[in-house]
Amino acid sequence: MARITILALATLNIVISQKSQIEKINIASKKNGLTISIFSDVKIQPSQITGWYNPSTSWSYITVYNASGNIEALNKTFTSDGITALEIIQLDESLQLGLRTTNPIEQFEFYNKSADSIITASLRYPLNQALAYLSLIHISEPTRRRGICFGGVGGKKKR
């Protein structure tokens, strides 16, 4: 019995300490933030990934613990609107993705499906920026000229 327990613990230790190889990264700009898909050779657990935003530099960082990748290839990842710089670096026991954005990042969420080795990071802009954008695209130009948007601000309210 003790031998089976030791064998099970040794196997579990190997599986847990297995290093993920990040194969590619896709970045898509959305109106309310960014969606980043991280493709790995093995499933990345949500406990292996963290993210934070530095407001003084406008850089966001995503760190994937116990991961590595081809830094030269990953740094050639296509960036989209809202991203002014991208830098991926290999640290001792983690891979770090740095993104400089034109808008601040307020929230990080990480998702993965149980069946694949892709983890998706949703980086969200502040809610007031997303709402301001949505209000602009939903108000047609003729409506704005008549001044009936937002309760008649800027003109008389049409009845």
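Read from the N terminus, the elements of the chain run α-β-β-β-β-β-α-β-β-β-β-α-α, which makes four helices and nine strands. Helices here are DSSP runs of H or I with at least four residues, strands are runs of E with at least two, and both are numbered from the N terminus. The model is a predicted one, with local features needing pLDDT of at least 70 and side-chain atom pairs counting only at pLDDT 80 or more, while totals for chains, interfaces and linings use all residues. Residues are numbered from 1 along each chain as its sequence is written, and side-chain values use heavy atoms, leaving out hydrogens and water.

E5 runs parallel to E1 (residues 20-30), and three bridges join the two. Within this pairing, isoleucine 22 has glycine 69 of E5 as its bridge partner.

As for the chain as a whole, 31% of its 159 residues are buried, meaning under 20% relative accessible area with a 1.4 Å probe, protein chains only. Among contacts (heavy atoms within 4.5 Å) with a separation of 6 or more, 52% link residues 24 or more positions apart. The accessible surface comes to about 10100 Å², and carbon and sulfur atoms hold 56% of that surface, by the Shrake-Rupley method with a 1.4 Å probe.

Technical notes: Pairing = 2+ DSSP bridges. Buried < 20%, exposed > 50% of the residue type's maximum accessible area, 1.4 Å probe, protein only.
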